[in-house]
Amino acid sequence: MADVSVRHAHWEHDRDRLCRIREAVFVVEQKVPRALEWDGLDAQCEHVLAEIDGEAVGTGRLLPDGHIGRIAVLAAWRGRGIGSALLRELTAIAVRRGLERVVLHAQTHARHFYEQHGFRAEGEEFSEAGIPHVRMAKPLR
């Protein structure tokens, strides 16, 4: 398999590729309602895009307040370290921006994945888009 590259994406330029991944993972696969997925915040976020041989296979975003979200990897490419690469790049962007910590809402089945990257749970499990989640945070300083 070719190496994955993760780059800073630009919403206006990369929108179609970013949307295609999120639509496939969240709306089609996980049945998240489109109105929840497309929350109108994307233009103010920093996005990352994972590519293999020019094919867009994963994405994620960082909101101005340090909230990481919308990490998605196409099903055929999971289990190959792409999610970790996306998370590392989003965290690096947050560090460069001088943020003290990052937070995210992890689907509970992915809690261990985020713990391996230094995130710790805060609070009780809750439902978001009908999917069990837990709030997690990671200090950057």
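This briefing describes a helix and several salt bridges in one structure. The model is predicted, so local features need pLDDT of at least 70 and side-chain atom pairs count only at pLDDT 80 or more, while totals for chains, interfaces and linings use all residues. Residues are numbered from 1 along each chain as its sequence is written, and side-chain values use heavy atoms, leaving out hydrogens and water.

**Helix H1**
- Helices (H or I, at least four residues) and strands (E, at least two) are DSSP runs numbered from the N terminus.
- H1 covers residues 11-29 and has a kink of about 40° centred on Arg17; the bend at a residue is the angle between axes fitted to the seven residues ending there and the seven starting there.
- Among the buried residues of H1 are Trp11, Leu18 and Phe26; buried means under 20% relative accessible area, exposed over 50%, and partly exposed in between (1.4 Å probe, protein chains only).
- Just after H1, Lys31 takes a positive phi of about 60°.

**Salt bridges**
- The structure holds 17 salt bridges, each a side-chain nitrogen of Lys or Arg within 4 Å of a carboxyl oxygen of Asp or Glu.
- Arg22 and Glu37 form one of them, at 2.6 Å from N to O.
- Because Arg22 lies in helix H1 and Glu37 in helix H2, this pair ties together parts that are 15 residues apart in sequence.
- Glu23 counts as buried at 19% relative accessibility, whereas Arg34 is exposed at 51%.

Definitions and conventions: Expected span 1.5 Å × (residues − 1).
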